[in-house]
Amino acid sequence: MSYKIEEVNSCTRKLVFNFDKLDLTEEIKNALAQKRKTVNLKGFRKGKAPLAMVEKIHGPQIENDALNNFIQTQLFEAVQKEDLRVVGYPALEDMKYEPGKSVSFNAKIEIFPTVELKDYSGYKFSKDKVEISDSDLEEVKKNYLNSKAEMKEVEDEKATLEKGQFAVLNFQGEKEDGERPENMKGEEFVLEIGSNQFIPGFEDGMIGMKKGDKKVIELSFPEEYHAEDLKNANVKFDVELLEIKEKVYPELNDELAKEFGYDSVADFETKNKENLVKQRETAVKQKLHQDILEKLVSENSFDIPGALIAQQEKHIKEDVQKTLTQQGFNESMMKDYFTKWKDDLTTKAIFQVRSGLILDTLAKEFNVETTDADFNAKIEDVAKGAGMDVEQVKSFYEADKNMKTNISYAIREEKTFAALCEKVEVVEK
C-alpha cells in the first residue's frame, strides 16, 4: 500500500501518498504516439510530424496529463478500498514530483459523518389543535368575492378609521434637515389600513382618525429600507384624512358559487372548510417538525463537511435571489443584502445540513423507504390540491429527474417524522 490514512476530524480524512519509484516513461511514450496521429504541424501532413518535434511542443503537457491521470487513479482506488463516502472534491497538498523517479502528495477528503444520536425517547413536544372558525371561512368568501365588491365611502361623519378600511389621504414627509422630498408626497392617495404598504408605524398612526382630521405622524425608516439615504432616518409626515372607504361585498348565493366553480353555497362552504382544515393541519405539522428538528440539532453535536455547508448556502442564496428579484432588487441592492445577512445565511445552511444528516440517520434507523405507492399517493395529493389531472402532474414530475428526486426525498422525510413521532411524546394544546 503506497498511502496511509490520517483522521483530521470525524468528517475529514487525509490520505498521504508516497511513491519512491515512479516511472511514467511508458505512459508518456504511448500518449506521444497517440498525440502524433492527430497533431497538425506546419510543413507536415497530419500524423507525419517527427516524434521528437511533437514531444518538444506537447511533451510537458502530456507528461503533466499523465501525472494527473496517475494521481486521480491512485486516489480513486484508495477511496474505493477505504469505502469513503466523499463529499465534494479532494484538496491536493504538498505535491512533490521528480520526473522519472518519484512522486508524493496529500489528499484532504471530506466525508459524510457517522451521526450517533443521543437517546430521544424522553422528548416531549406540543402541537396546536386544528380548529376552523366561522371568521376563517368568511375570509375565504371575501377573497372569492373581492372582484365583485364595491368601494363605498363611510357616510357617518363620526366614524373613525379602522384596520381593513381604506383611507383617502394627502401626505407630505419631512426629513430631519427640513427637506420635503417629492417622493415622500401623495395627494388623494388610497391606502388600505393594515396592508403594510407603507413603512411600519404609518398605518397604525392613522387608526382612529376621522374624516377631515389632520395629524403629524413621527417615525423612523427601517434599517433594511432600499433607499440608502433613508435607512434608519427619522421623519415626520403631515397627514390629512379626506375620506374613509370600505369594501362592500355581495352576498354569496348559489349563482355566484357556480360562477366560482362550485355546485352551490353549501358545496362552496364544505369544500373550502376541508381545504382550510388541510392547510391548518399542514401548518401545525410543519411547526411540530421544526420544533423536533431544533431539539435534535441542539442536543446532538458533530462535525459537518464544509463542502455540504457551501452547497447549501448556494441553494439558499439562489432561492433568496429569486425572491429579491421579484421584489425589484437590483444588483447593488442584492450585494448589500447578502453582505449584511451573510452570517445569517451561513447559520441557516449549517442548521439545514445538520438536520438533514440527522433525518437521514433516523430514516435508516427506522428502515424508511420510498415506494412507488408512496409516490403515486403524493402525486394524487398534489393534483387534488392544485385542481389538476393526476396523470398530468405525474408526467410533469417523471419528466424531470431532479423534481422526482426532490419529491421522493420529501416523502422519505415525512415518513421519517411520522415514525419519530411514534417514539416521542406529542401532546395537543
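Author: The largest pocket has a volume of about 1400 Å³. Its lining is made up of 38 residues, and those closest to the pocket centre are L359, Y409, A410, E413 and E414. This is a predicted model, and every value given here is computed from it. Several helices take part in the lining: α6 (265-299), α7 (306-326), α9 (342-365), α10 (372-386) and α12 (401-421) each supply at least two residues. The most comes from α12, which gives 10 residues to the lining of the largest pocket.

Now the aromatic rings. The model has 21 aromatic pairs. In one of them, the ring centres of Y123 and F125 are 6.2 Å apart and the planes stand at 90°, so this pair is edge-to-face. Y123 has a relative accessibility of 11% and counts as buried; F125, at 8%, counts as buried too. F202 and F237 form another edge-to-face pair, with 5.2 Å from centre to centre and 85° between the planes. F202 belongs to helix α4 (residues 202-206) and F237 to strand β10 (residues 234-248), so this pair ties together parts that are 35 residues apart in sequence. F202 and F237 are both buried.

Charged side chains also meet rings. The charged end of K295 sits over the ring of Y123, 5.1 Å from the ring centre; Y123 is thus a ring that takes part in an aromatic pair with F125 and has a lysine over it. K317 lies over the face of F338, at 4.9 Å from the centre of that ring.

Ring pairs also link Y3, F17, F19, F70 and F105 into a cluster. Two of these residues, F19 and F70, are in contact with V103. V103 is found in strand β4 (residues 102-111) and is buried, with a relative accessible area of 1%. Neighbours within four places in sequence aside, the contacts of V103 are N18, F19, L22, L67, F70, M95, K96 and Y97. K81 is 22 residues from V103 in sequence, and the C-alpha atoms of K81 and V103 are 21 Å apart in space.

A polar atom of the Q165 side chain lies 2.8 Å from the backbone nitrogen of E162. Leaving out neighbours within four places in sequence, Q165 is in contact with V154, T160, L191, E192, I193, I244, K245 and E246.

Conventions:
Residues numbered from 1 in each chain as written. Predicted model: local features only at pLDDT ≥ 70, side-chain atom pairs only at ≥ 80, totals over all residues. Heavy atoms only, no water. Phe/Tyr/Trp six-rings, centres within 6.5 Å; stacked < 30°, edge-to-face > 60°. Buried < 20%, exposed > 50% of the residue type's maximum accessible area, 1.4 Å probe, protein only. Helix = DSSP H or I, 4+ residues; strand = E, 2+ residues; numbered from the N terminus. Lys NZ or Arg CZ within 6 Å of the ring centre and 35° of its normal. Polar contact = N/O pair within 3.5 Å; in protein donor to acceptor, adjacent residues only side chain to side chain. Contact = heavy atoms within 4.5 Å. 1 Å grid on protein atoms, 1.4 Å probe; cavity = no way out; pocket = protein on both sides within 12 Å on 5 of 7 lines; lining within 4 Å. Points joined across faces, edges and corners; volume = space filled by probe spheres on them.
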